[in-house]
Amino acid sequence: LLDAALKRAERVRAAVAELDGLSVLNRDVVDEGLAFDTDPLSMAFDVSGLGITGYTAAEHLRNTYQVNMGAADTIRISARLTHADDDGRVDRLLEVLTALTRDAAHLNPSPRVNFPAPGGLDLETVMLPREAFFADIETVPYGVDSARF
């Protein structure tokens, strides 16, 4: 049963690789300092190439095709296969993912997010954590007029 589920998961991964705008997370995150391994039956599909968010994709699949995805975030939707899934369920998953690639042009586009430059979130360290922990403190009673401070 497990061997059949693993083969079905590979079939999904191969089919999604052929769909424009969709990609599936593979073992490229497995490396020293990254993930130890991945679950081959759990698949995260990157929908950012379709110009939509994972939230939009999941909502569309649920409302239009009555298919619930496992989870969604800003760029991904996920699905998990088990030993109980058969070829019909895998065919249905591939059918709705293919439909999503066609429907995406008519869905709300994902908003543009401007992330700061890599060093833009660096904070200035004015005191080491240990020094801060053992530093003198001032106790301020609750309800004191904040204008005084």
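**View 1. Handedness of the H1–H3 crossing.** A crossing is right-handed if the near helix is turned clockwise from the far one by less than a right angle. In this predicted model, the crossing of H1 past H3 is right-handed. H1 covers residues 2-17 and H3 covers residues 87-103. Their axes lie 11 Å apart, at an angle of about 20°. Angles under 35 degrees count as roughly parallel, so H1 and H3 are roughly parallel to each other.

**View 2. Residues in the H1–H3 contact.** H1 contributes Arg8, Arg11, Val12, Ala15 and Val16. Across from them, H3 contributes Asp87, Val90, Asp91, Leu93, Leu94 and Leu97. By class, the residues of this contact are 7 nonpolar and 4 charged, with no polar ones. Among the charged residues are Arg8 and Arg11 on the H1 side. Asp87 and Asp91 are charged residues on the H3 side.

**View 3. H2 against H3.** How do the axes of H2 and H3 cross? They cross at roughly 115° and come within 11 Å. The range for roughly perpendicular is 65 to 115 degrees, and H2 and H3 are therefore roughly perpendicular to each other. This crossing is right-handed. On the H2 side, the contact is made by Ala57, His60, Leu61 and Tyr65. On the H3 side, Arg92, Val96, Ala99, Leu100 and Asp103 take part. The classes here are 6 nonpolar, 1 polar and 2 charged residues.

View 4. His60 sits in helix H2. Is His60 buried or exposed? Its relative accessible area is 13%. Buried means under 20%, so His60 is buried. Neighbours within four places in sequence are left aside in what follows. His60 is then in contact with Tyr65, Leu100, Asp103 and Leu107. Of these, Leu100 and Asp103 also belong to the H3 side of the H2–H3 contact.

**View 5. The four-strand sheet.** The sheet is open, with strand order E1-E2-E4-E3 and antiparallel pairing. E1 (23-24) and E3 are the edge strands, each pairing on one side only. E1 and E2 run antiparallel and are joined by 2 bridges. E2 (residues 42-46) pairs with E4 over 5 bridges, also in the antiparallel sense. E3 (residues 71-72) and E4 share 2 bridges, again antiparallel.

View 6. Start at Val24, whose bridge partner in E2 is Phe45. Phe45 in turn has Ile77 as its bridge partner in E4. Ile77 also stands opposite Ala72.

**View 7. Helices lying on the strands.** Which strands does each helix lie across? H1 lies across E1 and E2, and runs at about 10° to E2. H2 (residues 54-65) lies across E3 and E4. The angle of H2 to E4 is about 50°.

View 8. Ala84 is placed in the loop between strand E4 (76-80) and H3. Its relative accessibility is 59%. The threshold for exposed is over 50%, so Ala84 counts as exposed. Val113 lies 29 residues from Ala84 along the chain. The C-alpha atoms of Ala84 and Val113 are separated by 39 Å.

Terms used
Residues are numbered from 1 along each chain as its sequence is written. This is a predicted model: local features need pLDDT of at least 70, side-chain atom pairs count only at pLDDT 80 or more; totals for chains, interfaces and linings use all residues. Side-chain values use heavy atoms; hydrogens and water are left out. Axes are lines fitted to C-alpha atoms, for helices over the stretch in contact, and angles run from 0 to 180 degrees between N-to-C directions. Angles under 35 degrees count as roughly parallel, over 145 as roughly antiparallel, 65 to 115 as roughly perpendicular and the rest as oblique. Contact means heavy atoms within 4.5 Å. Buried means under 20% relative accessible area, exposed over 50%, partly exposed in between (1.4 Å probe, protein chains only). Two strands pair if DSSP finds at least two bridges between them.
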